[in-house]
Amino acid sequence: QVQLVESGGGLMQAGGSLSLSCAASGRTINNYDVGWFRQAPGKEREFVASITTSGFSTYYADSIKGRFTISRDNAKNTVYLQMNNLKPEDTAVYYCAVRRSPRGAYDTWGQGTQVTVSS
């Protein structure tokens, strides 16, 4: 069983940066696609970014493209989300999740980390 723990959230002013980490334990996630999602108050959870097993391919939501970067360090069993030029609308709980195949569902989730961006 894979366990995921997100960290790095916090309070930041608009225009600032935060770096989120998703640390996996229990087994390696080297063979898993990893995604970041977020859920703002009163809104549905939405896709933010994902990265394939090798890290060769990455995908981003249009709302964060050019500002956020997803990366992974398979040696550390960790995936990162670098968030630059933060905006108040980025305020949300951020979750990481894994899936075993590119067309499968994300079936293991972390507990989330709060990101709050003030204007």
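## Close-up views of a predicted model

The structure, a predicted model, holds one disulfide.

**View 1. The disulfide between Cys-22 and Cys-96.** A disulfide joins Cys-22 to Cys-96, with an S to S distance of 2.1 Å. The pair links distant parts of the chain, 74 residues apart: Cys-22 belongs to strand E3 (residues 18-25) and Cys-96 to strand E9 (residues 92-99). The disulfide is right-handed because the torsion about its S-S bond is about 70°. Cys-22 has 0% relative accessibility and therefore counts as buried, the limit being under 20%. Cys-96 is also buried, with a relative accessible area of 0%.

**View 2. The largest nonpolar core.** In soluble globular proteins, nonpolar side chains tend to be buried together. The largest nonpolar core of this model has 28 residues. Trp-36, Leu-81, Met-83 and Tyr-94 have the most contacts inside this core. Several elements give two or more residues to the core, among them E3, E9, strand E4 (33-39) and strand E5 (46-51). Strand E7 (68-73), strand E8 (78-83) and strand E11 (113-118) also give two or more residues each.

**View 3. The surroundings of Leu-81.** Residues up to four places away in sequence are not counted here. Leu-81 touches Leu-18, Ser-19 and Leu-20, and also Phe-68, Thr-69 and Ile-70. Further contacts of Leu-81 are Trp-36, Val-48, Ala-49 and Tyr-94.

**View 4. The two faces of strand E1.** In a regular strand the side chains alternate between the two faces of the sheet. Strand E1 (residues 3-7) has side chains that alternate in this way. Leu-4 and Glu-6 point to one face and are buried.

**View 5. The open sheet E1-E3-E8-E7.** Four strands form an open sheet in the order E1-E3-E8-E7, with antiparallel pairing. E1 and E7 stand at the edges and have a single partner strand each, so one side of each is left without a neighbour in the sheet. From one strand to the next, the twist averages 15°.

**View 6. Pairing on either side of Ser-21.** Strands of a sheet pair through backbone hydrogen bonds, either parallel or antiparallel. E1 and E3 run antiparallel and are joined by five bridges. Ser-7 stands opposite Ser-21 in E3. E3 and E8 also pair in the antiparallel sense, over six bridges. There, Ser-21 stands opposite Tyr-80 in E8.

Notes
Residues are numbered from 1 along each chain as its sequence is written. This is a predicted model: local features need pLDDT of at least 70, side-chain atom pairs count only at pLDDT 80 or more; totals for chains, interfaces and linings use all residues. Side-chain values use heavy atoms; hydrogens and water are left out. A disulfide is a pair of cysteine sulfur atoms within 2.5 Å. Buried means under 20% relative accessible area, exposed over 50%, partly exposed in between (1.4 Å probe, protein chains only). A nonpolar core is a set of buried Ala, Val, Leu, Ile, Met, Phe, Trp, Tyr and Cys residues joined through side-chain atoms within 4.5 Å. Contact means heavy atoms within 4.5 Å. Two strands pair if DSSP finds at least two bridges between them. Axes are lines fitted to C-alpha atoms, for helices over the stretch in contact, and angles run from 0 to 180 degrees between N-to-C directions.
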